[in-house]
Amino acid sequence: MSNVPVIVWFRRDLRIADQAALAAAVESTSPVIPVFVLDDDEAGAWKAGGAHRWWLHHSLGSLASGLRRAGSGLVLRRGNSAATVLALAREVGASAIHTGIMPEPWEKTADDAVATALKDGTCTFHRHPTALMHDPDAITTQAGKPFSVFTPFANAFGRAVHPSPPAPAPKHLPKASLPKSDALADWKLLPTIGWDSEFSGRWNPGEAGAADVLARFVAEAAEHYDIGRNEVAKEGSSSLSPHLHWGEVSPWQVWAALEKAKPGAGVTAFRRELIWREFTSHVLWHHPTLPDEPLRPEFQSFPWRQDAAGLRAWQKGMTGVPIVDAGMRQLWSIGWMHNRVRMITASFLIKHLLVSWAEGEAWFWDTLVDGDLANNSVNWQWVAGCGADPSPFFRIFNPVLQGKKFDPAGDYVRRWVPELASLDTRYIHDPWAAPRSALESAGITIGQTYPAPLIDLDEGRARALAVLRKATGRAAA
Ligand code: FAD
C-alpha cells in the first residue's frame, strides 16, 4: 500500500458500482481522490443545457453521498477539464489518473491533452470503458473501416463483444485526505425560474434511482417491451435514458439485469436498443463533426426554411397538430419524450415545416434530461435522412395516422394537451376535421382555445418531396 494518491476523474459515469476507473484505483490500494470537473467552455455550443444541469446537480449530490458512505467524498472543481485535472494531480502529487472513455469530441481532446502533458511518466493516465460496452476503435468492417450502417454493426458487436459481469460497488475506498472542493450549490446548476416543477416528481437522479427504474422495468415491462415500447400513453419503455446518459447505471448492469426477465421478443428488442446506443457512440467517435454537419454531403446546402414563428410554435407545443403538441409539451414538462413521439415531432419539424434538423437537435439538447450528443445527433440525422443508416427523407410520418395508431384512445394527447381532453376520441388526432357539434360540446374553438394547424399536412408533405427532389436530385418513392 502506497501513500501516494491516485485520482479518479468522474465524467458521465456517476456511479460507484461497476465503475472500472474507480475499481482500478481501489485495486491499486493507494489513497483515492474522486473528482468531477465542470467545464463549460470546451463543449462550446454543446455545453450542458438547462435540463442537463438540473440532472447533474442531483446526480453529483447522490454520487458524493455514496462516496462519503464508502469513507471518501467528491472533489468538485470548475474550469478547463484537462488543465484542472492536471493541476489537481500536481497539487496532491498523484501517481495515476483513472478515468472513463467518452465519445464526445471535446472529451477526446481533453484526454489527448492530459496524455501529452503526462508523457514524462511521473503520473500515469489510464482510460477505462465506463460508458460503453464496445471499444469504438476495435470493431470495424471487413475493410477495417468504422461502421455507418446499424445491422452489420450489431452483427459485429454480437461476434466481438461478450457480456461482462458487472462488478459490485467497493465497500470502502482507501482513505485519502481530500483537497478543497467547490460547493455544489455555488455552481448554480438549478434553474432560477421554476420550469422544473414537474421534474422532481418524475425523476430520481443518482445510482439508487437508476437501480429502482431498472428493477421496475425488468419486473413489469421488459417481457412485453417489443409491443409496449410503441404505446405512447403507457410506461412501456424503460425510462432509463437519463440514467444511462449520466452513467448512474452501466450498460452491462442493464444487460445483466435482463437475465431476470422472461426471455423472448421483449428482451431481444430491448437489447437491440442498447446496441443502438453503442452504434450512435461509434458513429460520433469516428465522425466528431456529426452534431454540426450532415453526414451525407448532398444535404450540406439543403434549402431549409427560416421559419422563426413555426419553430417557436413547435417548441411550445402550439402547432395545432395534437400528437406533435403533446410530445413537445411532455418534453417541456418532464425533460423527456417518448421515442415514437420524438420521431413524429422531429419528422413534422424537418419535413412538414422544412426547418433544419439542427434547430430541433439544439432544442432537444437544451430541454432533454437525457440529451446525449451521440444519440441526439444520430437520431436527428436519421429522421432527416442525412446521417448514418438514415430513414429516407421521402418517408414522411403522417402525424394523424401515427397518433391514431400509437395513441388510439387519445390518452397521451389528453394528458399533455388538456384543452382537447373532452373531445370525442374519433377527432382527438385531427380536431380541425371534427364537426362543429363535437367541438362545441368539448368546449373547443379551433384558432382560439386550440391553434389551427400550422400547415395543411398534405401540402406540407408535397412541398417537402418537391424540395427534396430539386435539392438532392433524388426521386421520391
Ligand atoms: P428504451 O426504449 O427503454 O430504450 C433503452 C435505452 O436504449 C435507452 O434508454 C437509450 O439509452 C437506448 N436507446 C433507445 N432508443 C435509442 C435510439 N433510437 N438511439 C440510441 N439509443 C437508443 N436518446 C437519448 O438517450 N438521448 C437523446 O438525446 C436522444 N435524442 C433523440 C432525438 C430524436 C429525434 C429521436 C428520434 C430519438 C432520440 N433518442 C435519444 C433516442 C430515444 O428516443 C431515447 O433513447 C428513448 O426514447 C429513451 O427512453 P427509454 O429510456 O424509455 O428508452
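**Exercise 1.** In this predicted model, find what lies 2.9 Å from an oxygen atom of the ligand at S241.

*Solution.* Start at S241 and look at the backbone: one of its N or O atoms sits 2.9 Å from a ligand oxygen atom. Next, go to N339, where an N or O atom of the side chain is 2.7 Å from an oxygen atom of the ligand. Then try E273: a polar side-chain atom there lies 3.0 Å from a ligand nitrogen atom. Finally, check the cover: on its own the ligand has 810 Å² of accessible area, and the protein covers 97% of that.

**Exercise 2.** Work out how many residues surround the ligand, and of which classes.

*Solution.* Count the shell first: 27 residues, with Y225, S237, S238, S239 and N339 the closest. Now sort them by class, and you get 12 nonpolar, 10 polar and five charged residues.

**Exercise 3.** Say which helix gives the most to the shell, and where the ligand lies relative to the domains.

*Solution.* List the helices that each supply at least two shell residues: α9 (241-245), α11 (265-286), α14 (339-352) and α16 (373-384). The top giver is α11, with five residues. Now the domains: domain 2 (132-165 + 204-286) and domain 3 (297-468) both contribute to the shell, so the ligand lies between them. The space it takes up is the largest pocket.

Key: Residues are numbered from 1 along each chain as its sequence is written. This is a predicted model: local features need pLDDT of at least 70, side-chain atom pairs count only at pLDDT 80 or more; totals for chains, interfaces and linings use all residues. Side-chain values use heavy atoms; hydrogens and water are left out. A residue is near a molecule or strand if one of its heavy atoms lies within 4 Å of it. A polar contact is a pair of N or O atoms within 3.5 Å; within protein, one must be able to donate a hydrogen and the other to accept it, and residues adjacent in sequence count only if both atoms are side-chain atoms. Accessible areas come from the Shrake-Rupley method with a 1.4 Å probe; for residues, only the protein chains shown count as cover. On a 1 Å grid over the protein atoms alone, a cavity is a set of points where a 1.4 Å probe fits but cannot get out, and a pocket is an open set with protein on both sides within 12 Å along at least five of seven lines; lining residues have an atom within 4 Å of a point. A molecule sits in a cavity or pocket if more than half of its atoms lie within 2 Å of its grid points. Helices (H or I, at least four residues) and strands (E, at least two) are DSSP runs, numbered from the N terminus. Ala, Val, Leu, Ile, Met, Phe, Trp, Tyr, Cys and Pro count as nonpolar, Asp, Glu, Lys and Arg as charged, and the others, Gly among them, as polar. Domain bounds come from an automatic or database domain assignment.
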